[in-house]
Amino acid sequence: MTTNDVRLRPVQDDDLELFLAYEHDPEAVRRSRFTPRPREAFLRHWRDRVLGNPSGRVRTVVVAGEVAGNIVAWWEGERRFTGYWLGRAYWGRGVGSRALALFLREETVRPLFADTFAENTASVRLLEKSGFVRYDDPEHPADEGYVLLVLRDGATGAPAPLRP
C-alpha cells in the first residue's frame, strides 16, 4: 500500500452494508466500547441523521478501490466533531492516518473535536499524530472511560508517514 492507495469519496448507498458489518465486528465493538445498532436502526441513522444532515461532511474511505470505512464531521451544539470507523483489515496500516489527513484538508473548521474510548490507544495515537491534543473541559466532562481531544486553529492534521 502506498499513500496514493487511500482516497476519500462521497458515500454511496451500497457502502452502508459494509459500514454495518464493520460496526458489528466484535473486536471493533470491544475497542470502541460502542454498542452496534441493529441493521434497520443503523440504516435509518445513516440515511436520516448522517447523510441527511446538511451541515455534516461524510466520506467513504477507499483503499486500492475497496471500501475501508468512513469518516464524518458534524455539529454537536457549538462544537464540531469528527469520527471515523475502519474495517479491521485496514487497521495498523496507516490507512486511518492518511484518511484523516485527507479529510482535514476538506474539513477546515477549527477547533475540531474528537472523543474516543481511552483504552482504544490506536485511535488516541492516530488523533494525536494528526495534531489533536487532549482537552479537559470541566463544564462538559467526557464520559467516563473516554478522552476528548481537539484540533485547534492553525493545525492542519499533516499526514503521518505510512509504513510500508
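Where is the place of Arg33? Arg33 sits in the loop between α2 and α3. Before I go on, this is a predicted model, where local features need pLDDT of at least 70 and side-chain atom pairs count only at pLDDT 80 or more, while totals for chains, interfaces and linings use all residues. Residues are numbered from 1 along each chain as its sequence is written, and side-chain values use heavy atoms, with hydrogens and water left out.

First, the overall picture. The protein chain has five helices and seven strands; helices are DSSP runs of H or I with at least four residues, strands are runs of E with at least two, and both are numbered from the N terminus. From that end the order is β-α-α-α-β-β-β-α-β-α-β-β. Of the 164 residues, 44% count as buried. Buried means under 20% relative accessible area, exposed over 50%, and partly exposed in between, with a 1.4 Å probe and protein chains only.

Back to Arg33. Its phi is positive, about 55°, although Arg33 is not a glycine. Most residues other than glycine have a negative phi, and most peptide bonds are trans. Arg33 is partly exposed, at 47% relative accessible area. Ala64 also has a positive phi, near 50°, and lies in the loop between β2 (57-63) and β3 (66-76). Ala64 is exposed, with a relative accessible area of 58%. As for peptide bonds, the one from Arg110 to Pro111 is cis, with omega near 0°. Pro111 is in the loop between α4 (95-106) and β5 (112-117).

Next, Ser32, in helix α2 (residues 26-32). Ser32 counts as buried because its relative accessibility is 15%. A polar atom of its side chain lies 2.8 Å from the backbone oxygen of Ala28, and a polar atom of that side chain lies 3.2 Å from the backbone nitrogen of Phe34. Leaving aside neighbours within four places in sequence, Ser32 is in contact (heavy atoms within 4.5 Å) with Trp85, Phe117, Asn120 and Tyr146.

Last, a helix pair. The axes of α1 (residues 15-23) and α3 (residues 39-50) come within 10 Å and cross at roughly 125°. That makes α1 oblique to α3, oblique being what is left after under 35 degrees (roughly parallel), over 145 (roughly antiparallel) and 65 to 115 (roughly perpendicular). From α1, the contact is made by Leu16, Glu17, Phe19, Leu20 and Glu23; from α3, by Arg39, Phe42, Leu43, Trp46 and Arg47. By class, that contact has six nonpolar, no polar and four charged residues.

Notes: Axes fitted to C-alpha atoms, helices over the stretch in contact; angles between N-to-C directions. Nonpolar A, V, L, I, M, F, W, Y, C, P; charged D, E, K, R; others polar. Polar contact = N/O pair within 3.5 Å; in protein donor to acceptor, adjacent residues only side chain to side chain.
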